[in-house]
Amino acid sequence: MKKGLALLLTVIMIFSLAACSKTNNGNSGNDQTSGGSKNEVTQKPEDQKGNGEITHLVMSFMTWTGAPADTQKVQDAINAITKERYGIEVEFQISDSSSYKQNMTLALSGGEQIDIISTILSGYNSMVQQGYLLDLEADDLLKNYGSGIVDAVGKEYVDACRINGKLYGVPNNRDMAGGRGSTAVATEYLKGIGYPVDDSKETVKVTQAEMDDIYTKLHEKYPNIELYRPTTLGIAQLTEADLLGGNAFGVLMNWGKELKVENVFTSDAYKELCTRIYGYNQKGYISKDAITDTTAVGELVKAGTLISYNTTGKPGIKAQESNLCGRPMTIFQTMDDFISSSSVASFPWAISINTVNAEASMRLLNAFYTDADLANLLAWGIEGQHYKVLDSGLIDFADGVDATNSGWSHSVGWLMPNQYITHVWNGNDPNLWENIKSFNENAKKSAALGFSFDTTNVATEMTSVQNVYDEFQKSIEYGFVNPATGIDEMNAKMKKAGIDKIIAEKQKQLDAWAKVNNK
């Protein structure tokens with residue numbers, strides 16, 4: 001998704017958020033009687049209580065800034081439902097985005113109880129290879145206790161999460177596509193330079209030259225405010241590369257039209273991207289401490305110390321980013337909408353190998369995909385305390401509450417299992433979820449959609465190349481090193497570390513996958 005979804009795509013390239021991008025909330029529904037939505041999935045027999053006892057489960061996920069202030073209140077409200085309907089109580093274990101991966105690795109490797117887990121930022125493939133996740137189809141676990149998930153998401157998307165034919169995670173309902181080349185800019189600064197802001201537009205389509213012209217004027221008007229903060233999602237947000245296997249070490253160029261694995265770091269697209277950002281840095285657009293500052297971009301904008309950042313476009317992105325930043329944002333987009341090979345399986349929900357009860361974990365996960373009351377609590381918090389329902393059927397902050405003081409404004413609604421059965425936030429089209437479905441259907445799609453990469457044969461090379469990339473990535477992609485020299489130095493070290501072997505292995509596996517799938 002910015003750091004957001006931003007981090008989101010860290011995810012797909014991890015990397016998309018939305019990132020991409022740092023961002024995110026939006027939700028829907030008109031049936032206010034039960035707090036549910038017109039899209040609510042019919043409950044199934046397997047959703048009900050197990051043996052009558054209350055099972056205690058731990059559910060782990062991240063938000064950009066860690067556990068919200070009202071985590072205990074929301075957890076209690078959810079448990080009031082889950083104990084009665086499912087015989088389960090859940091404990092949330094929430095980390096901030098910068099520490100989530102490390103916290104999960106330590107907990108899982110240490111044998112700590114984690115039952116349901118979001119694989120975002122931790123690397124779904126990596127977690128599978130490390131043996132941290134259960135096979136969801138073993139003993140008919142998904143079939144018997146999670147069929148509502150398949151109904152809610154669709155078999156095609158579920159199958160896209162398979163690794164070597166086995167299913168270790170299920171995707172959430174969200175924007176699978178991403179509008180690349182998207183930038184969120186605080187609207188007040190645009191008005192300050194006389195830009196004709198059109199609040200009726202979800203996204204403003206511009207050329208890169210037009211975007212650069214806007215930046216020039218903004219910097220002239222506001223020279224003492226950081227204009228632009230790069231993110232680790234650059235390749236996945238700002239080029240046409242499809243990051244095979246969720247990493248940049250072997251990609252498909254040109255929107256994944258051909259199944260030819262290439263080195264993105266030797267491409268013209270990568271050089272052009274880094275050269276542009278290097279130019280931004282030389283002009284003073286980027287803070288000198290951008291590499292070391294881990295503050296979320298949304299928090300920087302909220303504090304008035306940052307004007308813009310990259311995100312990942314989608315229906316609802318304007319309201320999402322505005323909520324995230326606590327002020328109106330305008331979204332620009334210079335590239336196309338795209339579903340990459342790894343997008344669907346970027347960060348599935350999974351059941352940990354450390355679970356105390358696989359059956360109960362699957363029943364609870366199924367409930368979060370099918371029970372609108374639970375989905376709304378996860379996404380928006382408690383009605384009357386965190387949000388209120390408007391006469392239009394949309395929702396907004398409760399009286400006396402805003403983004404700065406809400407105890408459950410986590411901006412990661414897109415991360416939760418099923419947004420499609422939640423309310424739509426005020427400022428969005430009431431048909432937001434249908435719009436996102438159409439957005440996914442109409443976006444460009446990689447020819448390798450559903451391909452997963454097994455790193456077993458190149459595990460050593462993956463580690464070595466990743467270490468090289470970690471050494472150079474921020475300095476080059478944040479514009480602190482001249483790409484004319486920095487990229488060549490990085491590529492030389494990557495070659496020595498074995499990137500060519502990784503690319504060859506990806507091509508071999510991709511060819512085999514294509515043969516089986518008639519591609």
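Trainee: In this predicted model, is Leu 121 buried or exposed?

Mentor: The relative accessible area of Leu 121 is 7%, and a residue counts as buried when that value is under 20%. Because 7% falls under that cut-off, Leu 121 is buried.

Trainee: Where does Leu 121 lie, and what is its phi?

Mentor: Leu 121 sits in the loop that runs between strand 3 (116-118) and helix 4 (124-129). Although Leu 121 is a residue other than glycine, its phi is positive, with a value near 70°.

Trainee: What span should helix 2 (residues 71-86) have, and how far apart are its end C-alpha atoms?

Mentor: Helix 2 has 16 residues, and at 1.5 Å a residue these should span 22 Å. The calculated span agrees with the separation of the end C-alpha atoms, which is 21 Å.

Trainee: Which elements do the buried residues of helix 2 pack against?

Mentor: The buried residues of helix 2 include Val 74, Gln 75, Ile 78, Asn 79, Ile 81 and Thr 82. In an α-helix there are 3.6 residues a turn, so residues three or four places apart point the same way. The buried residues of helix 2 pack against strand 2 (88-96), helix 14 (358-370) and helix 15 (372-380).

Terms used. Residues are numbered from 1 along each chain as its sequence is written. This is a predicted model: local features need pLDDT of at least 70, side-chain atom pairs count only at pLDDT 80 or more; totals for chains, interfaces and linings use all residues. Side-chain values use heavy atoms; hydrogens and water are left out. Helices (H or I, at least four residues) and strands (E, at least two) are DSSP runs, numbered from the N terminus. The expected span of a helix is 1.5 Å times one less than its number of residues. Buried means under 20% relative accessible area, exposed over 50%, partly exposed in between (1.4 Å probe, protein chains only). Contact means heavy atoms within 4.5 Å.
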